[in-house]
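Work through the exercises below with the model open beside you. Try each task before reading its solution.

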Amino acid sequence: MNQTVNYPWYKKEDTDAFFALFQNNLANFVIIAVTMLGMGFPASIVFGKVIPGAAVAVMVGNLYYAYMANRLAKKEGRTDVTALSYGISTPVMFVFLFGVLAPAKALTNDPELAWKIAVAAAFLSGLIEAIVSVTGNWIRNQIPRAAMLGALAGVALTFIAGEMLFNTFSIPVVGLVTLVIIIVGIVGKVAMPFKIPTSLFAVLIGTILAFTLGYQSPTKIVEGLANVGFYPILPSLAAFDGMTLLFGSLIGLLAVILPITLYNAIETMNNVDAMAAAGDSYDVRECQAVDGVGTMLGAVFGGLFPTTVYIATVGSKKMGAGRGYSILNAVVFGIAAMTGVIAALAALIPLAAVAPILVFVGISMVGSAFQSNEAKYFPAVAIAMLPYFANYVMTRFNKSAGEVVSGISEGIVPLGQGAMFTAIILGAITVYIIDRQYVRASIFSLVGAALSYVGLMHAPGLALNAAPQFSLAYILVSVFLVYCAYQLASSTVKEEELTTVGQKAVS
């Protein structure tokens, strides 16, 4: 039953959370712009279609999640509910850039046609996630929290905290100073001068240092201002035009789209579960549906990147944010996309000044993965984190990963392929072994065998019998776990018999 509560539209804690979320989205959009321009896509497509289209998805999702936060606040009679953070999924973004957009351009040699194909792929990805959302809560209830949060912590430690810490130290006089400001202000709870929000103060100081010490050239200001203009948000039929080729000569791209969409759905599930552990429980199915619909709407307006609930939500929760930061992000991001401000800011703000904020978000998520589980499940959390170390190496070395890491270990590449699935499977098996629920552990091992067989784990792409050695290994593990269940049942029966005999002897 809904209760009467004074849930504020905006509060001061929303300011820090807004800058963290906006900068997270901004960093992704900067990468998108720079990468697409480097691939040879004209500015008219990048800033006139892709950026505004992606902004539509971001606006729709942020406003809806603010609505969900208000609904939860009324339902539970609380004013400390935090809206879910939302934006483009960073890992999925890289896959769409280099696994969908780049091959489409290479095969067609036509930037506009390649853009239409990628938009069609994004629309299809959103549709699949919306369909998958029907089973969201059921899947969430079947997978142990330690496994889900452990997999999420692996992403946070490598792609978020780790990657951003590398960028932080790329210009230490900028990044390290900014990082310490973030730690002092957000972790140490120390107010910044003139009560400026910590994240804003950190970015300002970092940017000033970069220009003062010569790491950013004054020409960047001119370059940034040159990108300011009017970029209208207009719908198009690009998604439907590209669908013909996607299901024709480029049907092989479906082998990329399907697994990465399932990954995105699980990423949302994990992040929603992390928020439940932090105190705000949202419906997984609804969130996955919102992400899917948001992605489709973005594609209708020219965007080509799937969206997701961010792991930054937990960081926003710790900041004490409500729904205001989500609403403000939607409004500001829409204006910034239409006016070219995003492109201008991307030219002005050095990455080393923004990266420390994401370092904090990533570390918060790793800490939450352990804090939200009993100590006995720490091994499960830890083992679920490990596949993402391999996945990170693969992502950074791209197609050369096999050659680069072959001298280290032949297991790195297959461990990194389908890391999200591998992390959850290994984490779940470990949880159920700790709880001595061997049958459930055996079932998860069989799921691992099935995923390996079709190529969703330990294989470069979808195919039947894609990873036969791994499929066999998981089957053998399943058999062994069934044996363990039998042994446990036998020992339990013997203990009960001995107890019964003892009780009879006493009587």
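The exercises cover open space, helices and selected loop residues.

This is a predicted model, in which local features need pLDDT of at least 70, side-chain atom pairs count only at pLDDT 80 or more, and totals for chains, interfaces and linings use all residues. Residues are numbered from 1 along each chain as its sequence is written, and side-chain values use heavy atoms, with hydrogens and water left out.

**Exercise 1. The second largest pocket**

Describe the second largest pocket by its volume, its central residues and its lining.

Solution. 
- Start with the terms. On a 1 Å grid over the protein atoms alone, a pocket is an open set of points with protein on both sides within 12 Å along at least five of seven lines; a cavity is a set where a 1.4 Å probe fits but cannot get out; lining residues have an atom within 4 Å of a point.
- Take the volume next. The second largest pocket holds about 640 Å³, a volume being the space filled by probe spheres set on the points, with grid points joined across faces, edges and corners.
- Find the centre. The lining has 35 residues, and L26, A27, V30, I31 and L351 are the closest to the centre.
- Assign the lining to helices, which are DSSP runs (H or I, at least four residues) numbered from the N terminus. Those that supply at least two residues each include helix 1 (13-39), helix 2 (43-76), helix 3 (90-108) and helix 16 (351-371). Helix 1 gives the largest share, eleven residues.
- Sort by class. The lining has 24 nonpolar, seven polar and four charged residues. Here Ala, Val, Leu, Ile, Met, Phe, Trp, Tyr, Cys and Pro count as nonpolar, Asp, Glu, Lys and Arg as charged, and the others, Gly among them, as polar.

**Exercise 2. The cavities**

How many cavities of 30 Å³ or more does the structure hold? Describe the lining of the largest cavity and of the second largest cavity.

Solution. 
- Count them. There are two cavities of 30 Å³ or more.
- Take the largest cavity. About 120 Å³ of space lies in it. Its lining has 14 residues, with T90, I160, E267, Y310 and I311 nearest the centre.
- Trace that lining. Helix 3, helix 6 and helix 11 (254-278) each supply at least two residues. By class, eight residues are nonpolar, five polar and one charged.
- Turn to the second largest cavity, with about 30 Å³. F47, I51, Y231, A337, G340, I342 and A343 line it. Helix 2 and helix 15 are the elements that give two or more of these residues.
- Sort the second lining. Six residues are nonpolar, one is polar and none is charged.

**Exercise 3. Residues outside the helices**

Where do K189, N465, Q417 and K11 lie?

Solution. 
- K189 lies in the loop between helix 7 (172-187) and helix 8 (198-212). K189 is not a glycine, yet its phi is positive, about 60 degrees. K189 is exposed, at 62% relative accessible area.
- N465 lies in the loop between helix 22 (438-454) and helix 23 (468-506). N465 also has a positive phi without being a glycine, about 55 degrees. N465 is partly exposed, at 42%.
- Q417 lies in the loop between helix 20 (412-416) and helix 21 (419-434). Q417 is buried, at 13% relative accessibility.
- K11 is in the segment before helix 1. K11 and A321 are 310 residues apart in sequence, and 7.5 Å apart in space, C-alpha to C-alpha.

Definitions and conventions: Buried < 20%, exposed > 50% of the residue type's maximum accessible area, 1.4 Å probe, protein only.
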